[in-house]
Amino acid sequence: TTWPPPPLPLPPPQHPPLPPTFEPSDSGTALSVSVICALLLAGLLLRHYMEQREWTRVTETGACMFLGAAFNVAFWTFSRLKSGGSENWRFSISMSENMHDVIYFGLLPPIIFEAGFVMRKRSFFANFGTILLYAVVGTLISILCTGGLTYALSLHGFVTQDFSFSEALLFGALISSTDPVATLSILKSVKAPPLLYDLVFGEAALNDALSIVLFNIFRHRCGSEWAGK
C-alpha cells in the first residue's frame, strides 16, 4: 500500500435545475379554457345585442345554439384544412388529460351555485317535497328506462356497440341530466305561473347534482368491470 492514499475522484459538477416547462396537457387545458371562455363571452354579447334590438323571431337560447353549431362547423373545417384531409392529425379542445378536471371543478360549480343564488328560496322550500319527488324519483326512472332500453337494444343487436348493464346505466345517468334553460326562457316569455317556473327550476338544480353522483358511481363500477376482464 502507498501512503498517502490517492485522492478520491471529484463528483461531477451539479447543474442548476431547469426552469419548469409547460407539458402538452397544460397547454391543451389552457387552450380549452380560452376557447370555452371566448364562446361564453360571445353568447353573452349576442344575448345583449338581441335584447337591445328586441328580436322575437329567434329566442336567445336558439341563437346561442346556432352560435355553437357555427363554431363546431368552423372548428371542423379548420381541422380538415390543417390536416390536409389526413386522419393522423386532429385539433380538438378535449386533447388535454386535465379537461375532466376543468369541466368538473371549473365549469360545473359556478352553474350549480348560481342556480342556488338566484332561486327564490321561500318558494323553493315551500314546494320542496314536490321538487324532490321530481328530481330524485323522476331522475331514477329516467336513468333506469334509458339504461334499460340501451341495454335491450345492445342485446338484440340494434346498436353496433355491445353494452354491459353498468355501461348502459352510465349512459342513462349521462343523458338524464337535463338543462331547462330553453324551457325557463319560454316560461318567462309567455308569463307562465310562478309555481311552474319554480318547480322546473328547482328540479333542474337538484337533477344536476344527482346525475353527477350517479354518473361517478356507474363510472367506477364500469372501471372495476374493465379491470377484471
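In this predicted model, helix α7 gives the largest share of the lining of the second largest pocket, three residues. That pocket holds about 220 Å³ of space. Its lining is made by Met50, Glu51, Trp55, Thr56, Val58, Thr59, Glu60, Ser185, Ile186 and Ser189. By class, the lining residues of the second largest pocket are four nonpolar, four polar and two charged.

The largest pocket comes next. Its volume is about 2300 Å³. There are 50 residues in the lining of the largest pocket, and the closest to its centre are Leu40, Ile111, Asp179, Pro180 and Val181. Helix α3 supplies the largest share of this lining, with eleven residues. The elements that give two or more residues are α1 (24-53), α2 (60-83), α3 (99-118), α4 (121-126), α6, α7 (181-189) and α8 (194-228). Nonpolar residues number 30 in the lining of the largest pocket, beside eleven polar and nine charged ones.

| Pocket | Volume | Largest share of the lining |
|---|---|---|
| Largest pocket | about 2300 Å³ | α3, eleven residues |
| Second largest pocket | about 220 Å³ | α7, three residues |

Now to helix packing. Two packed helices are described by the angle between their axes and the distance between the axes.

Take α7 and α8. Their axes come within 10 Å and cross at roughly 170°. Angles over 145 degrees count as roughly antiparallel, so α7 is roughly antiparallel to α8. On the α7 side, the contact involves Thr183, Leu184, Leu187 and Lys188. They meet Leu196, Tyr197, Val200 and Phe201 in α8. The contact of α7 with α8 has six nonpolar residues, one polar and one charged.

Helix α5 (residues 128-155) and helix α6 (residues 165-175) form another packed pair. Their axes lie 8 Å apart, at an angle of about 135°. That angle makes α5 oblique to α6. The crossing of α5 past α6 is right-handed. From α5, the contact draws on Ile143, Leu144, Thr146, Gly147, Thr150 and Tyr151. From α6 come Phe165, Ala168, Leu169, Phe171, Gly172, Ala173 and Ile175. Nine residues in the contact of α5 with α6 are nonpolar and four are polar, with no charged residues.

Definitions and conventions: Residues are numbered from 1 along each chain as its sequence is written. This is a predicted model: local features need pLDDT of at least 70, side-chain atom pairs count only at pLDDT 80 or more; totals for chains, interfaces and linings use all residues. Side-chain values use heavy atoms; hydrogens and water are left out. Axes are lines fitted to C-alpha atoms, for helices over the stretch in contact, and angles run from 0 to 180 degrees between N-to-C directions. Helices (H or I, at least four residues) and strands (E, at least two) are DSSP runs, numbered from the N terminus. Angles under 35 degrees count as roughly parallel, over 145 as roughly antiparallel, 65 to 115 as roughly perpendicular and the rest as oblique. A crossing is left-handed if the near helix is turned anticlockwise from the far one by less than a right angle, and right-handed if clockwise. Contact means heavy atoms within 4.5 Å. Ala, Val, Leu, Ile, Met, Phe, Trp, Tyr, Cys and Pro count as nonpolar, Asp, Glu, Lys and Arg as charged, and the others, Gly among them, as polar. On a 1 Å grid over the protein atoms alone, a cavity is a set of points where a 1.4 Å probe fits but cannot get out, and a pocket is an open set with protein on both sides within 12 Å along at least five of seven lines; lining residues have an atom within 4 Å of a point. Grid points are joined across faces, edges and corners, and a volume is the space filled by probe spheres set on the points.
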